[in-house]
Amino acid sequence: GQLVNGFITNSQGFVSPEVRYAKDPDTFRIVFIGDSFGVGIVPYQKHFIRVLEKKLNEEGQLAKRVEVVNLS
């Protein structure tokens, strides 16, 4: 990712890690669409979208890996 005004952005300019368009079959993808509130002002790893992704992957309840994409 690229650092822009203190936020990590991907090549599309979204505050999200780089994501391939075609996802792996063993991945469940959640896409968050929002306004500036979705960008947030907290450090990247403490942002609610990253916390959600980490929590869902830690639980082990799901058969697939979860990937949360932020399009705010």
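The model is predicted: local features need pLDDT of at least 70, side-chain atom pairs count only at pLDDT 80 or more, and totals for chains, interfaces and linings use all residues. Residues are numbered from 1 along each chain as its sequence is written, and side-chain values use heavy atoms, leaving out hydrogens and water.

**Fold**
- The protein has four strands and one helix, as DSSP runs numbered from the N terminus (helices H or I, at least four residues; strands E, at least two).
- Their order along the sequence is β-β-β-α-β.
- Contact means heavy atoms within 4.5 Å. Of the contacts between residues at least 6 apart in sequence, 54% join residues at least 24 apart.

**Burial and surface**
- Of the 72 residues, 25% are buried, meaning under 20% relative accessible area with a 1.4 Å probe, protein chains only.

**Residue T27**
- T27 sits in strand β3, residues 27-32.
- T27 counts as buried because its relative accessibility is 2%.
- Leaving aside residues up to four places away in sequence, T27 touches K64, R65 and E67.

**Largest pocket**
- Its lining includes N10, F14, R20, Y21, R29 and V69; lining residues have an atom within 4 Å of a pocket grid point.
- By class, six lining residues are nonpolar, three polar and three charged.

Technical notes. Buried < 20%, exposed > 50% of the residue type's maximum accessible area, 1.4 Å probe, protein only. 1 Å grid on protein atoms, 1.4 Å probe; cavity = no way out; pocket = protein on both sides within 12 Å on 5 of 7 lines; lining within 4 Å. Nonpolar A, V, L, I, M, F, W, Y, C, P; charged D, E, K, R; others polar.
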